[in-house]
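I set out to record what I looked up in this structure, entry by entry. The sequence and the model are shown below.

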Amino acid sequence: SVAPGELVQILTTLIEEMEEKGNQLKFSGLRKQVSASELFDSHIINQATLSELAQGTKTVEEVTEMDSVKRYLAGNSCIAGVLVPFRTDPSKSEKMTIYQAMWKGILRPGTALVLLEAQAATGFVTDPLANKKLSVDDAVSVELVGAELREKLLSAERAVTGYKDPYTGNKLSLFQAMKKGLIVKEHGIRLLEAQIATGGIIDPVHSHRLPVEVAYKRGYFDEEMNRILSDPTDDTKGFFDPNTHENLTYLQLLQRCLPDPE
């Protein structure tokens, strides 16, 4: 009989061999492809799923659609836009992007910026009208957001693509960059909380989200920060409800939003 540890090694080796042969065991991550073995190492898929992929009894597409996998590859919903009642008929609403709502004076510039930063830090800037997700540079090029916000949004987007360690050149996660003082703590906490609220902390090296325990092991999160975010105070409520004028966490604000059926 094969010991459990040996079985894991056999399965992992099998997957790696298949990947080397060019088999299509690659999943779409946030910015690059993610291998099946990386999903297994990150505790996103289990031995049974890994085995089914290796044997060809399950496809990459089928596994991608599993709720337990989708949240780590694509994330859950973010706050995408604003619904504004028509003046002529308040029973009907117009959908706007966050940037449009800012320019029309519906959202304050500061409120709009933190919502757009949260979008960038959780994966993509969202166009709720066209139902598209774009990188910051692509969003600027199609005028989904203005060029005046580009630098601030690119900084937030590094929570997905990674911050550069000025001493080693290595890629750092949002939490690591915050610990090294590369970003302001309050700003980092706000973006971390948004990542957790939308599916999990992002691993910028492997380009997907992580279960909390795996994030601990990789140094992308710790128990102290988990406690801070689990018990929000006014200091960690980094978002603003424009309807009630309350300071809220991203999760609280997200829970007050209406799901977009489109």
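At what angle do helix 7 and helix 9 pack, and how far apart are their axes? I worked from a predicted model. I found that helix 7, residues 109-121, packs with helix 9, residues 150-161, at an angle of about 35°. Their axes are 7 Å apart. I noted the crossing of helix 7 and helix 9 as right-handed.

I then looked up the residues of this contact. On the side of helix 7, I listed Leu113, Leu116, Glu117, Ala120 and Ala121. From helix 9, these meet Lys152, Leu153, Ala156, Glu157, Ala159 and Val160. I recorded 8 nonpolar and 3 charged residues in the contact of helix 7 with helix 9, and no polar ones.

My next entry concerns the largest pocket. I noted a space of about 1100 Å³ in the largest pocket. Its lining has 36 residues, and the closest to the centre are Ile79, Ala80, Gly81, Cys257 and Leu258. I found two or more lining residues in each of strand 3 (81-85), strand 4 (93-97), strand 5 (125-127), strand 6 (132-134) and helix 14 (250-255). Strand 3 gives the most, with 5 residues. By class, I recorded the lining of the largest pocket as 21 nonpolar, 7 polar and 8 charged residues.

Last, I looked up the domains. The chain is divided into domain 1, residues 4-74, and domain 2, residues 81-256. I noted that the C-alpha centres of domain 1 and domain 2 lie 28 Å apart. To their contact, domain 1 gives 14 residues and domain 2 gives 20 residues.

Terms used
Residues numbered from 1 in each chain as written. Predicted model: local features only at pLDDT ≥ 70, side-chain atom pairs only at ≥ 80, totals over all residues. Heavy atoms only, no water. Axes fitted to C-alpha atoms, helices over the stretch in contact; angles between N-to-C directions. Helix = DSSP H or I, 4+ residues; strand = E, 2+ residues; numbered from the N terminus. Left-handed = near helix turned anticlockwise from the far one by under 90°. Contact = heavy atoms within 4.5 Å. Nonpolar A, V, L, I, M, F, W, Y, C, P; charged D, E, K, R; others polar. 1 Å grid on protein atoms, 1.4 Å probe; cavity = no way out; pocket = protein on both sides within 12 Å on 5 of 7 lines; lining within 4 Å. Points joined across faces, edges and corners; volume = space filled by probe spheres on them. Domains from an automatic or database assignment.
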